[in-house]
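Please work through the exercises below with the sequence and the structure at hand. Each task is followed by a solution that goes step by step.

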Amino acid sequence: MFTMKKASPNASPIVKGQQSSFVRLPLDRSHLLTILSLVRPANSKGEQVMVKYITGHLDALGVKYTIDGYGNISVNLLPTNETTSRVMFTAHTDTVHRNADTTRHTQQIAYLDDKHEIVGLPIDSESTCLGADDGTGCWVLLRLIEAKIPALYVFFRAEEIGGLGSEYYRNDKANADLLESLTHCISFDRKGYNDIITEQWGGQCASEAWATNFAKQLNTIDSTISLSPNVGTFTDSANFTDIIAECTNISVGYAMQHTDQETQDMAFADRLVQALLQVDWLNQPSHRTHADSTPAYLARYEYKDERFDYLDDDLAEHIYYLEQLGMSYAEDLVFNDPQTAIELLTYLTKGY
């Protein structure tokens, strides 16, 4: 179990039952703590609190937003003039908490050094995860909106139960022209410190050329950031790979996601935001040819490998992608779907 060091006297984590004003400006690091205090599995009361938190701040910022038939929250700050690039930023409001009977949990802060400020659950917590996946991404989007970075922002629902919110948004005919106009889809929903994802769900989602170039941009802005292209499993941006040329997922500094040992490096998230604010978002190159790509929600059903006809389809699919992607896929599977990981391990070691 993750054991937190004694909190700094200046730290003020949210505690169970504590009442505070959600809507405070300007948005700063303390807002991330507030978000991480919420227990918000898909369609729970806690997720509704999260939705109100987001929309309350959008109202306070004077930003117009829409909520579609699935509950996805959209903010359109795209430029009206012609530009080289048009970017969509995404994050998701739900978590994998299993204690949905409460809307709050406790946290503690550990100040490790001047570059890392780690938040996690105390050892006596009954909560099943911290929720940095993807509360941190939501906080990043709010910070970028506050700074009026020109982009389309979508807070998706139900990512943790199959990317259902982004699937709905992608298939909504009302969004067809808007999505066709976009050049980049960037999710902030990746563990660790180092990744710009170029492959998701077994297929390419972004070009190595763009990912390498973008990593160089951020790494140059802040020398403590060290991003590079890597392979991932799935987040909402994967559902747009057949429409948008460059679709990726970027590390935001959480670790051990989907477990009660999950942590978030708040200092890294803050440095990442500060770097993102300095990027020229209207002139990002794009390289990938996406016309033949299959969106992730369809790829799930189009998988076929005759070698594994004797196995359950889901298990066979995981074996296939394990062969293709190696340890990175296995690691993500353990965090994202531990039951399937157990079944896969049982098969690979003993057979059925």
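## Exercise 1: two helices

H1 and H2 are roughly antiparallel to each other, a term for angles over 145 degrees. The model is predicted, and local features need pLDDT of at least 70, side-chain atom pairs count only at pLDDT 80 or more, and totals for chains, interfaces and linings use all residues. Residues are numbered from 1 along each chain as its sequence is written, and side-chain values use heavy atoms, with hydrogens and water left out.

Task: find at what angle the axes of H1 and H2 cross, and which residues make the contact.

Solution: Start with the axes (lines fitted to C-alpha atoms over the stretch in contact, with angles from 0 to 180 degrees between N-to-C directions). Those of helix H1 (residues 29–36) and helix H2 (residues 45–60) come within 10 Å and cross at roughly 155°; helices here are DSSP runs (H or I) of at least four residues, numbered from the N terminus. Next, the contact (heavy atoms within 4.5 Å) is made by His-31, Thr-34 and Ile-35 of H1 with Met-50, Tyr-53 and His-57 of H2.

## Exercise 2: an aspartate

Task: decide whether Asp-270 is buried or exposed, and find what Asp-270 touches.

Solution: Asp-270 is placed in helix H7 (residues 266–276). With a relative accessible area of 17%, Asp-270 is buried, as buried means under 20% and exposed over 50% (1.4 Å probe, protein chains only). Leaving aside residues up to four places away in sequence, Asp-270 touches Arg-29, Trp-139 and Arg-143.

Definitions and conventions
Angles under 35 degrees count as roughly parallel, over 145 as roughly antiparallel, 65 to 115 as roughly perpendicular and the rest as oblique.
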